[in-house]
Each structure stands twice: as structure tokens, then as C-alpha cells.
Amino acid sequence: MTPLRLGYLYGFGAYLLWGFFPLYMKLLRPAGPMEILAHRIVWSVAFVALLLAAMRNVGFLRALLRRPRALAGVAAAAALIAVNWGTYIYGVNSDRVVETALGYFINPLVVVLLGVTVLRERLRPAQWLALGIGGLAVAVLTVDYGRPPYLALVLALSFAGYGLVKKRLGLPAAEGLFVESAVLALPALAYLGWLTAGGDATFGHVSVGHTVLLVAAGAATAIPLLLFAGAANRLPLTGLGMLQYLAPILQLGCGVLIFHEPMPPARLAGFALVWAALIVFTVDALRHSRRTRAATVAARHAAPTPATTR
């Protein structure tokens, strides 16, 4: 199998798992969102630690400890992903899967917005148009919900911010997830201890299957991230960008078709505007990528051939 096909296979697997993640989250009831989040953190550390031990790759920790700025970045990434995970779990278990799907639909637009505000990037006209349509979509959905779609906005902002920090850190997927989860592990263990002492923990008190599912949350978190890393290393950005819409499409399907969440006409109109913005954004990205490749090829052909030494 070629690296490109393997990359698409990894990417499809990652986004497929993320797309059906609401089904898994629902199975963790009656555990509350904070208990689920704490178990997800703790068991992620355990799963990835075993993985790194099997790979005999623990030396990176010593190098990381000698980089205070990188450690600060890891702490920031950990805080952002904790907010993202916690918000997502709360959204799914409060029957707002459709709104969580919206968050991941608008995430690419928020990434572009961060590029302008944080990295001082200059946008192309089509990108400005996509942002404008996205802003209109949020306004329409605010009217429909009777409030801003804050769950979607928190998910989009936290994940976009997490991606920005991760891009600057440059840590591989397994190592990055281990360090980020380890930063959060002590507060998570403290919370679980407090919950157990108060007799409010569900872990070990509902059923064997429920306990196994809480433990498996670590693997369910790590496996799609590792698949995504494998895809990112083999696919062009345009290919990866097209795949990213698979997860929110599946999440939206779960919310509407499986959990029977309402989709009134005004909400559907808001989603239609989001999809229009994403079409503009994606078409522009594909055109820009083709132009960049064509310019690169032309520059190579135009470059003078070095003289041969006799």
C-alpha cells in the first residue's frame, strides 16, 4: 500500500471514530461530565504510558524538562484540551449533540480567524467572505436558540487554540498527549478521590461493563489521535482538510437521526450558512494549493541548470 493510501486510511479511521464518539459518551451515563472527563484524563495517561514503554520512547521527557517555555506551552495545551473535552462531554450528555457538531463545523473558520488576530496573517478575499458567511450563520443560530450557541463556540475556540499551541510546540502525537494528560492527571485523581470519598462515584458501582467503558476511555481518546498523526504525516493539507468534515457530519447524523434532537427550519438555515462558508473556504484552499504547486513547478523549470564541470 502506498503512503498516500495509507494516509487516507488512517485519516478516515480517525474521523470515523471521532464522528461516532457521541454514541460512546452516551454509554458512560450515569457518570456525570466531570467524572467522565477525569477518567478520560487518567486512563489516557495510563494507555499512552504503556504505549511509550512498548516503543521504548521515554527519553523525550528529560529533554522536555530542560525547556521551561515548552513546558508552559504544554500546560496551556492541557488547559485548552481539558476545556474542549469537558464541554464536549457536557454537550453530548445534555442532549445537545447537534450543537457540538456545529462547533467542529465552524472550527476551520475559527482557525482562520486566529491566524488573523494572533499570527497577523493576511487573508484572501474568499477567506474574508467565508468568515462573513460564518458570522451570519452564528447570528441566525443565536436567534433560533434564543442565545448564542456557546457550546459550539467554546468547542471551536478551544480546539483551534489547542491546535495553534500544538503547532508551535511540535511534539509528536503520543508524546504530546502523554505530557498534556499527565499535567491534568493530579487534579483529575484528586477529583475522583473526592467523588469516591463522598459516595458519589459511579466507577465500580454501576456494572462491570460501565467500569470497563470508563477505563477504555483512555484508549478511545488516544487511538484516533494516533491515527490522525499517521494521516498528517502522509497526506497533503488539502486532503486532510477535506477529511475533517467527516466527523461533524457523522456527529450531526447521530444527533438528528439516532438521538432525535430537533432541527427546526431556522436552525437548518443556520447550518446551511455554515456549510456555504465551508464550501467557499474549501474551494479557495484547493485553488490556492493548485496555484502554489504550479508556481513551484514553474520556478523549478525556470531555474538555470548548473554547468557541468569537465
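Thr196 is located in helix α9, which covers residues 173–197. Helices here are DSSP runs (H or I, at least four residues), numbered from the N terminus. Thr196 is exposed, its relative accessible area being 52%. In this description, buried stands for under 20% relative accessible area, exposed for over 50%, and partly exposed for values in between, with a 1.4 Å probe and protein chains only. Between Thr196 and Glu121 there are 75 residues in sequence and 49 Å in space, C-alpha to C-alpha.

The model is predicted, and local features need pLDDT of at least 70, side-chain atom pairs count only at pLDDT 80 or more, and totals for chains, interfaces and linings use all residues. Residues are numbered from 1 along each chain as its sequence is written, and side-chain values use heavy atoms, with hydrogens and water left out.

Helix α7 comprises residues 125–145, 21 residues in total, and its first and last C-alpha atoms are 30 Å apart, close to the 30 Å expected at 1.5 Å a residue. The expected span is taken as 1.5 Å times one less than the number of residues in the helix. Gln127, Ala130, Leu131, Ile133, Gly134, Ala137, Leu141, Asp144 and Tyr145 are buried in α7. Viewed down the axis of α7, these buried residues fall within an arc of 165°, so they line one face of the helix. The arc is that of the directions from the helix axis to the C-beta atoms. An α-helix has 3.6 residues a turn, so residues three or four places apart point the same way. On the face of α7 turned away from the buried side are the exposed residues Pro125 and Val143. The cover over the buried residues of α7 includes α6 (97–117) and α13 (265–302), where contact is defined as heavy atoms within 4.5 Å. Gly146 follows α7 and has a positive phi, near 80°.

Helix α13 has 38 residues, which should span 56 Å at 1.5 Å a residue; the distance between its end C-alpha atoms is 55 Å, in agreement. The buried residues of α13 are Arg267, Gly270, Phe271, Val274, Ala277, Leu278, Phe281, Thr282, Asp284 and Ser289. Arg267 has a relative accessible area of 12%. Arg267 also forms a salt bridge with Asp144, with 2.6 Å between the closest N and O atoms. This pair links distant parts of the chain, since Asp144 belongs to helix α7 and Arg267 to helix α13, 123 residues apart. A salt bridge is defined as a side-chain nitrogen of Lys or Arg within 4 Å of a carboxyl oxygen of Asp or Glu, and by this rule the count is 6.

Asp95 has a positive phi of about 60° although it is not a glycine, and is partly exposed, at 46% relative accessible area. One partner of Asp95 is Lys26, with the closest N and O atoms 2.6 Å apart. Because Asp95 lies in the loop between α5 and α6 and Lys26 in helix α2, the pair ties together parts 69 residues apart in sequence. Lys26 is buried, at 14% relative accessibility. Asp95 also meets Arg29 in a salt bridge, at 3.2 Å from N to O. Arg29 lies in the loop between α2 and α3, so this pair ties together parts that are 66 residues apart in sequence. Arg29 is partly exposed, at 36% relative accessibility.

The peptide bond from Arg29 to Pro30 is cis, with omega near 10°. Pro30 is placed in the loop between α2 (21–27) and α3 (33–55). His260, in the loop between α12 (246–258) and α13, has a positive phi of about 55° although it is not a glycine. His260 counts as exposed, at 62% relative accessibility.

Phe12, Leu16, Phe20, Leu23, Leu257 and Ile258 make a nonpolar surface patch of about 520 Å². The elements giving two or more residues to this patch are α1 (3–19) and α12. Patches consist of residues with over 30% relative accessible area and no salt bridge, like charges being joined within 9 Å and nonpolar side chains (Val, Leu, Ile, Met, Phe, Trp, Tyr) within 5 Å. Accessible areas come from the Shrake-Rupley method with a 1.4 Å probe, and for residues only the protein chains shown count as cover. Leu257 is part of helix α12 and counts as exposed, at 64% relative accessibility.
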